[in-house]
Amino acid sequence: MSHYFPITDPTWIFFIVLSIILFAPMVFERLRVPAIVGMICAGILIGPHGLHVLERDSSFELFGKVGLYYIMFLASLEMNLQDVQVIKWRALTLGLLSFALPMLMGYGANRFLLGYGAAAAVLMAAMYASHTLVTYPIVMRYGLARRQSVSIAVGATIVADTLTLLVLAVVGGMFKENVSGLYWVWLVLKVVLLSAVIIVTFPRMARWFFRRYDESVAQYIFVLALVFLGAALMEIVGMEGILGAFLVGIVLNRSIPPSSPLMSHVEFVGNALFIPYFLIGVGMLLDVSAFARHSQVFILAAVMIAVGLSSKWLSAYATQRLFGMPRREGTLMFGLTSSRAAATLAVVLVGHGIILPGGSRLLGEDVLNATMMFILVTCVVSSFVTSTTARRIAESPTPERNTKRKGSDRIIVALSNPETVPSLIAVGLMLRSPGSPTPLTALNVVLEDDPTAREEGLRQLERAVKIAAAAGVRLVTRSRWSVNVVSGLSHTMKEFEASDLLVGLHQKAKITETFYGKLTTDLIQAVEGQIFIYRPVVPPATVTHMHLIIPRKAEFEPGFNNWAIRLGLLAGQIQCKVTAYSGRGTMISLQGVWDDNKLSVKAEQTVYNDWHDFISIACNARPDHLVVFVAARRGTLSFHNYMNQLPEQIEQYFSAHNLLIVFPSQPASSGPVAAIRAGVPVKVRA
């Protein structure tokens, strides 16, 4: 059989890899072993040091590097940057501890216990200090990616790995010719300048592209190109590409909302192909037979594993106790930060490639083989710890998971204009509670005197289904015949017991038409539920700031909690800055609702009582900002006469901005008449 192996035909190579990706998780999960461990073990079995079914050829190097970048990119992309602002000192603490403790303990063990020279001892200690978020897909699967302890571990990763790679650059530079003191200054300067370029230019490039191209494949390829561009530029300046991939994820974080189809595509492709390819490739590096041939390798690996795991556990434990976190959170941080792969591989390969004057290598074959075992064991331990802890947290009835949000997620999106379908569905997805089992509903009303419009409406509904499916959300469609639009919308709201209605605000048609027109006046009168009227100018994902204008005493209305939660979810998905304008008591109540419902939104509060003229707000609003007006129905406590001039104010100051007008839910007894009437040539179409 030896003449059949290793397999070199690309078709069979890809088939075998796909089979492993498919069946390894099934087999190992039956054994209660994390799927990540299964991928690595499968790589050992089929690799050149196992059955030698496959060589670790260029395809594994290519896909492995993509998978490595993907892990770092996804980790930073899934971070809630508003949460990071709150826990930045905790992340920095864990990062510094998880670098310093392994370096100190590792140097002592390498220098005095194993007898290595100073340079080799430092370089090996750097392998203990780094860590890779190999088990991050596990917390994603359990829906814990945005948990505080996970964000701390992700933030600590970039701190520890950056310092590790700086140590690698310093030690590696010591063995280069003609290296002066300016080499280190120039290295730091290049990294800082490149980071500044990425932070400034990449978000602008992304917003420009997303505003002009909404095709999902084009958006995905564009994002992947930016990831590799950032990684390649970081390698050019002398650092590892994983830092570039991580940084690109941070700067694109706000442009790719968690509920968007693009995020779903990014996660799907990475978890289905690139990340498993990387894990299989890691397993193929391990030479198990070396442990039988050289007992020193076993001793060396045992010391590396003991020092590496104990130092990371101490770092997580110290951080947990220092900030008074629950024990499970500390265990989860240890699970995430204890696995090694990316930076550790970079360190050992660089050290193995350095030839000393006597002809020996700085890090010999025994260190290389021991490092592969070190990577395997830490990945196995990390997988078991992360999987077990994440499952217990997900199953535990913690207050954070049991927060009950008032109202339901029965949202109806009314569609009629093909141009606004993507934006309306995107906003509808962002207004839902994450993970809600209630499907989104899309409605198209067909007037009985215009039967030709039914075919166009069905095409719009079909398009909406595809957009929602790409985001992993089930969407129910309804094409309804009715004598008028208001009747069709109001009856559907009652039949579905819907909590919210989202309709589009279209640009003005005739000069004689009012701002909302009779349609919306009648709609507000007929629908007791909450109404969102949205006018898209730029895609919602490219919004960078939300200006939220709220009438005084709005907190005393029965629909206050509902719209506050919806807008908090929207702001959290976009991860934009929020500035609230209202009375002090109203803004305090708004922030209280967000805090009670664990919505990581912190609004900048501006006391504002002048609804007669919005020029001060308009001066701070840019075209990529979203302006939100919380209106009121006539006869309610928060209604004021100056709301009659709201249409003229909106048209004068915010005609070029994304606009969202909210009419809170109100019992019929509170007054059926619309709060806003006549004025400006713009109309609403359902």
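## Overview

Helices (H or I, at least four residues) and strands (E, at least two) are DSSP runs, numbered from the N terminus. By that count, the protein chain holds 24 helices and 11 strands. This is a predicted model, in which local features need pLDDT of at least 70, side-chain atom pairs count only at pLDDT 80 or more, and totals for chains, interfaces and linings use all residues. Residues are numbered from 1 along each chain as its sequence is written, and side-chain values use heavy atoms, with hydrogens and water left out.

Of the 686 residues in the protein chain, 58% are buried, meaning under 20% relative accessible area (1.4 Å probe, protein chains only).

## Nonpolar cores

A nonpolar core is a set of buried Ala, Val, Leu, Ile, Met, Phe, Trp, Tyr and Cys residues joined through side-chain atoms within 4.5 Å. The largest one has 137 residues, and Leu54, Tyr136, Leu252 and Ile280 touch the most other members. Helix H7 (residues 148-174) gives this core its largest share, 13 residues. Another core, of 52 residues, lies apart from it and includes Leu475, Val543, Leu570 and Leu660.

Let's look at Tyr136. Beyond its neighbours within four places in sequence, Tyr136 is in contact (heavy atoms within 4.5 Å) with Leu74, Ala75, Glu78, Ala145, Val150, Val154 and Leu336.

## Helices H14 and H16

Leu336 also belongs to the H14 side of a helix pair, where residues including Phe334 and Leu336 meet H16 residues such as Val385 and Ile393.

How values were computed: Buried < 20%, exposed > 50% of the residue type's maximum accessible area, 1.4 Å probe, protein only.
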